[in-house]
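Good morning, colleagues. Please take a moment to look at the sequence and the structure before I take you through a few of its features.

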Amino acid sequence: MKNNLVFLISRFLLKPVLLYTIICYPHKLSAQINSTAYPRIAGHVGIVHPLISFSSTGTHSNFKESYTVGMPLGINIWESSKIGFSLEIVPSVRAENGSSRVSNTLIHPGILFALGKGLTFAGRAAFETSGRYGFTPVLNKVLVKKKHHSYFAAIPLPVRFGNSLPISSTIAFQFGIGF
């Protein structure tokens with residue numbers, strides 16, 4: 001009876017488990033080694049150029065009477081390959097009439113949604129030291145992907161309220177390096 005039990009276990013239980021382990025385990029191990037572990041932390045730095053702004057007071061071009069440039073630096077925490085959290089800090093420098101100064105700092109938290117093919121949508125809240133607040137939808141595209149960094153371009157569309165100014169919306173262009 002004992003020999004029959006050992007025979008049954010080895011034939012119907014042990015051999016299939018052993019066969020499964022030999023065939024499937026190396027593939028699973030390889031997939032675990034090559035896959036990205038989450039949560040994953042990434043960062044970015046760049047330059048953002050507001051191009052044109054619209055409000056009830058009219059249309060204003062960035063390059064006409066003054067020039068403003070922002071220098072975003074951010075940290076992204078990806079929960080999975082599809083969704084993450086981002087915090088961006090953007091000091092802005094304004095040049096006009098022969099002088100320049102840091103005119104504003106933007107605190108820009110948001111949610112990231114990977115859309116595939118190097119595209120990411122960021123929905124960001126916006127809090128400016130100038131007293132303005134609002135939101136910024138951003139469409140980001142990786143242009144060149146290297147092993148440890150990538151080059152990207154983005155189109156931010158800031159909408160701002162507050163500080164006794166009319167509601168404004170802007171079209172901007174951003175490029176930078178993600179790592």
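Which residues lie nearest the centre of the second largest pocket? Before I answer, please bear in mind that this is a predicted model. The residues in question are Arg40, Trp78, Thr120, Val142 and Ser150, and they belong to a lining of 36 residues. The space in this second largest pocket comes to about 860 Å³.

Several strands contribute to that lining. Those that give two or more residues are S1, strand S4 (73-78), S6, strand S7 (119-128), S8, strand S9 (150-156) and S11. S1 supplies the largest share, 5 residues. Sorted by class, the lining of the second largest pocket holds 14 nonpolar, 15 polar and 7 charged residues.

Two or more lining residues come from each of S1, S2, strand S3 (67-70), S5, strand S6 (99-116), strand S8 (133-145) and strand S11 (168-178). Here S1 gives the most, with 7 residues. The lining of the largest pocket comprises 15 nonpolar, 20 polar and 9 charged residues.

Strand S1 covers residues 40-55 and runs antiparallel to strand S2, residues 58-61, with 4 bridges between them. The link from S1 to S2 is a hairpin of 2 residues. In this pairing, serine 55 is placed opposite glycine 58 of S2.

Is glutamate 88 buried or exposed? Its relative accessibility is 4%, and because buried means under 20%, glutamate 88 counts as buried.

What does the side chain of glutamate 88 meet in a polar contact? The partner is the side chain of histidine 44, at 2.8 Å. Leaving aside residues up to four places away in sequence, glutamate 88 touches His44, Pro72, Leu73, Gly74, Leu106, Ile107, His108, Arg124 and Gln174.

Thank you for your attention.

Terms used:
Residues are numbered from 1 along each chain as its sequence is written. This is a predicted model: local features need pLDDT of at least 70, side-chain atom pairs count only at pLDDT 80 or more; totals for chains, interfaces and linings use all residues. Side-chain values use heavy atoms; hydrogens and water are left out. Buried means under 20% relative accessible area, exposed over 50%, partly exposed in between (1.4 Å probe, protein chains only). A polar contact is a pair of N or O atoms within 3.5 Å; within protein, one must be able to donate a hydrogen and the other to accept it, and residues adjacent in sequence count only if both atoms are side-chain atoms. Contact means heavy atoms within 4.5 Å. Two strands pair if DSSP finds at least two bridges between them. Ala, Val, Leu, Ile, Met, Phe, Trp, Tyr, Cys and Pro count as nonpolar, Asp, Glu, Lys and Arg as charged, and the others, Gly among them, as polar. On a 1 Å grid over the protein atoms alone, a cavity is a set of points where a 1.4 Å probe fits but cannot get out, and a pocket is an open set with protein on both sides within 12 Å along at least five of seven lines; lining residues have an atom within 4 Å of a point. Grid points are joined across faces, edges and corners, and a volume is the space filled by probe spheres set on the points.
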